Amino acid sequence: MSRIFVTGGSGRLGRSVVAGLADAGHKVISVDRDAIPAEQLPAGAEQHTADLLAPGEAERLIRETAPDAVIHLAAIAVPFSAPEDVIFSTNTRLAYAVVSAATDAGVPKIVTASSPTALGYGSPAGWLPPSFPLDEQTPPKPWNAYALSKLIAEQTVQMFAAAQGDRIRYAAFRPCYVLSPEEWEGALTQQGHTIRERLDDPALSAPALFNYVDARDVADFLDVLLEKLDSIPNGQVFFVGAKDALATAPLSELFPRFLPGSGPLTEHLTGTSPAFSIDKARELLGWEPKRSWRTELTPPYEGADTAASEQAALNEQAALNGAAPNGAALNGATLNQAALNDENPAGLVPAGATKETP
């Protein structure tokens with residue numbers, strides 16, 4: 001059992017991370033400007049309310065609680081939800097304050113949340129990557145303050161890793177569009193739509209490139225990451241997503257409609273293959289997401305699921321040919337900035353700034 005310090009623990013992602021790590025047997029210290037009701041706090045967790053941007057506050061709390069690991073989720077989590085300079089300043093200062101305080105206190109494992117938006121999709125000037133599926137080698141091209149602040153959060157832990165060597169272990173992760181447990185039963189997602197509406201109308205999921213991840217799978221990923229952090233190269237970045245796309249049709253059919261010029265790059269994304277690869281997390285950590293919209297949605301989706309049908313047919317043909325199922329190793333309206341938001345690591349924000357709705 002470890003003592004894990006989680007910033008932004010009252011947010012949509014944070015609540016599932018706190019609950020998942022507590023369920024895994026860890027002692028969790030949740031820190032946020034907003035407290036959740038005591039009856040909702042999982043057994044094995046404690047919470048502190050604090051503004052981590054206040055001078056010395058991060059250092060004080062980390063030293064008082066003496067954690068074995070720090071997971072930094074706190075941020076203004078929605079692009080364009082506050083002035084660009086406020087988002088940039090808040091998110092970058094938070095990342096530096098928490099990582100620096102944890103490093104100075106000698107916390108041996110430090111992890112920060114980043115975002116897939118660092119890649120730059122949704123740019124008004126147009127965007128195409130070198131290839132699909134997108135992975136950690138895809139060049140980042142942030143075009144707004146939120147995406148840039150997340151890329152800087154990654155570079156912050158890598159800077160400290162370069163200075164500390166292997167004395168302290170660091171990592172960053174890019175969670176895809178986070179879905180919390182209640183959303184499978186009809187609660188609104190952060191964009192104000194239900195999951196069913198996002199499945200019925202692909203234009204709603206297109207701005208996030210049809211990516212998603214169950215918040216509980218993120219908690220599982222972080223548990224595995226902390227366990228394996230000593231055995232992997234320092235300062236790594238990981239995509240964390242579902243093993244399929246949030247779509248009922250193959251992305252090879254959808255992308256040409258919503259991302260001009262992407263047809264030749266995405267024609268191999270057959271069946272349920274997503275646009276984002278999680279192969280790095282699989283190979284370095286042995287992590288695998290457990291949840292999919294096809295298994296979690298309550299009641300089950302009743303519309304046509306052509307992606308699953310096509311993938312089943314491909315798998316059957318592959319089995320007849322003695323080959324691996326097609327796409328088994330693949331992971332992975334015009335895009336617009338107003339809808340761009342594919343992660344939800346909510347948490348601490350300065351007074352007066354916009355915070356995500358829990």
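## Basis of the model

Because the model is predicted, local features need pLDDT of at least 70 and side-chain atom pairs count only at pLDDT 80 or more, while totals for chains, interfaces and linings use all residues. Residues are numbered from 1 along each chain as its sequence is written, and side-chain values use heavy atoms, with hydrogens and water left out.

## Overall make-up

The protein has 12 helices and 9 strands; these are DSSP runs numbered from the N terminus, with helices (H or I) of at least four residues and strands (E) of at least two. Of the 358 residues in the protein, 56% are buried. Buried means under 20% relative accessible area, exposed means over 50%, and partly exposed lies in between (1.4 Å probe, protein chains only).

The protein exposes about 13,400 Å², of which carbon and sulfur atoms supply 52%. Accessible areas come from the Shrake-Rupley method with a 1.4 Å probe, and for residues only the protein chains shown count as cover.

## Aromatic pairs

The structure holds 15 aromatic pairs. Rings of Phe, Tyr and Trp (its six-membered ring) pair if their centres lie within 6.5 Å; planes under 30 degrees apart count as stacked, over 60 as edge-to-face and the rest as tilted. The rings of phenylalanine 132 and phenylalanine 255 have centres 5.2 Å apart and planes at 40 degrees, so this pair is tilted. Phenylalanine 132 lies in the loop between β5 (109-113) and α4 (145-164), and phenylalanine 255 in helix α8 (residues 251-258), so the pair ties together parts that are 123 residues apart in sequence. Phenylalanine 132 counts as buried at 5% relative accessibility, and phenylalanine 255 counts as buried at 1%.

In a further pair, tryptophan 184 and tyrosine 212 have ring centres 6.4 Å apart and planes at 80 degrees, so the arrangement is edge-to-face. Tryptophan 184 belongs to the loop between β7 (178-179) and α5 (195-200), and tyrosine 212 to the loop between α6 (202-205) and β8 (213-214), so parts 28 residues apart in sequence are tied together. Both tryptophan 184 and tyrosine 212 are buried. Ring pairs also link Tyr121, Trp127, Phe132, Phe210, Phe239, Phe255, Phe258 and Phe276 into a cluster.

## Charges over rings

The charged end of arginine 198 sits over the ring of tyrosine 177, 4.1 Å from its centre. Lysine 280 lies over the face of phenylalanine 238, at 5.1 Å from the ring centre. The criterion is that NZ of Lys or CZ of Arg is within 6 Å of the ring centre and within 35 degrees of the ring normal.

## The largest cavity

The largest cavity has a volume of about 60 Å³. On a 1 Å grid over the protein atoms alone, a cavity is a set of points where a 1.4 Å probe fits but cannot get out, and lining residues have an atom within 4 Å of a point. Grid points are joined across faces, edges and corners, and a volume is the space filled by probe spheres set on the points.

The lining includes His72, Asn91, Thr112 and Lys150. The elements giving two or more residues to this lining are α3 (84-104), β5 and α4, with the largest share, 3 residues, coming from α4.

## Leucine 209

Leucine 209 is placed in the loop between α6 and β8 and is buried, with a relative accessible area of 1%. Leucine 209 and cysteine 176 are 33 residues apart in sequence and 9.7 Å apart in space, C-alpha to C-alpha.

Technical notes: 1 Å grid on protein atoms, 1.4 Å probe; cavity = no way out; pocket = protein on both sides within 12 Å on 5 of 7 lines; lining within 4 Å.
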